[in-house]
Amino acid sequence: MSDLDHRVGVSEANLVVRHLKLVGITEDNIEAIIAGIDGTFGIDAVSFEDAKSTLHIGYDATHCNLDGIETIIRDNGADISDDFWMKMKEGYYQFVDENIRENAKHKPWSCHRVPPGQTHKK
């Protein structure tokens, strides 16, 4: 796949897929949650699995973060499950998202380059 296979603002290198188990879901608020998340810049795809009450989200971690998605969920009257495994996954997701953001900002460095402002001696 290439970056052209995704929505605007989503890079293949920074694409992550998250699975969040939700509680407090109704037919009305799940539609509002999906619409709110889908309208956020950097979201590639969002869907909801009724049988498992799980929200599946694909997004570019340099433009979106899990905290913003959680805010949209909570603003619409639902919440992320409070069980042990969901808390573990949530912490892992936040850790990986932060690493992706930091790596995207990092400027590559090489010890073989001449430092700025200096010239080679011959």
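Predicted model: local features only at pLDDT ≥ 70, side-chain atom pairs only at ≥ 80, totals over all residues.

## The nonpolar core

The largest nonpolar core holds 24 residues. Those that touch the most other members are L20, I37, L55, I57, Y59 and I73. Two or more residues of this core come from each of the elements β1 (15-23), α1 (27-38), β2 (43-49), β3 (54-60), α2 (66-75) and α3 (84-105).

The contacts of I73 illustrate this part of the structure. Apart from neighbours within four places in sequence, I73 is in contact with L20, L22, I33, I37, L55, A78, D79 and I80.

## Helix α1

Helix α1 has twelve residues, and at 1.5 Å a residue the helix should span 16 Å. The C-alpha atoms at its ends are 17 Å apart, which agrees with that expectation.

Which residues of α1 are buried? They are N29, I30, I33 and I37. Around the axis, these residues cover an arc of only 105 degrees, so they are on the same side of α1. The elements that cover these buried residues include β1, β2, β3 and α2. On the face of α1 turned away from the buried side are the exposed residues E27, D28, E31 and A35.

## A loop residue with positive phi

Most residues other than glycine have a negative phi. S53, which is not glycine, has a positive phi, near 50 degrees. This residue, S53, lies in the loop between β2 and β3. The relative accessible area of S53 is 25%, so S53 counts as partly exposed.

Definitions and conventions: Residues numbered from 1 in each chain as written. Heavy atoms only, no water. Core = buried A, V, L, I, M, F, W, Y, C linked by side-chain atoms within 4.5 Å. Buried < 20%, exposed > 50% of the residue type's maximum accessible area, 1.4 Å probe, protein only. Helix = DSSP H or I, 4+ residues; strand = E, 2+ residues; numbered from the N terminus. Contact = heavy atoms within 4.5 Å. Expected span 1.5 Å × (residues − 1). Arc of directions from axis to C-beta.
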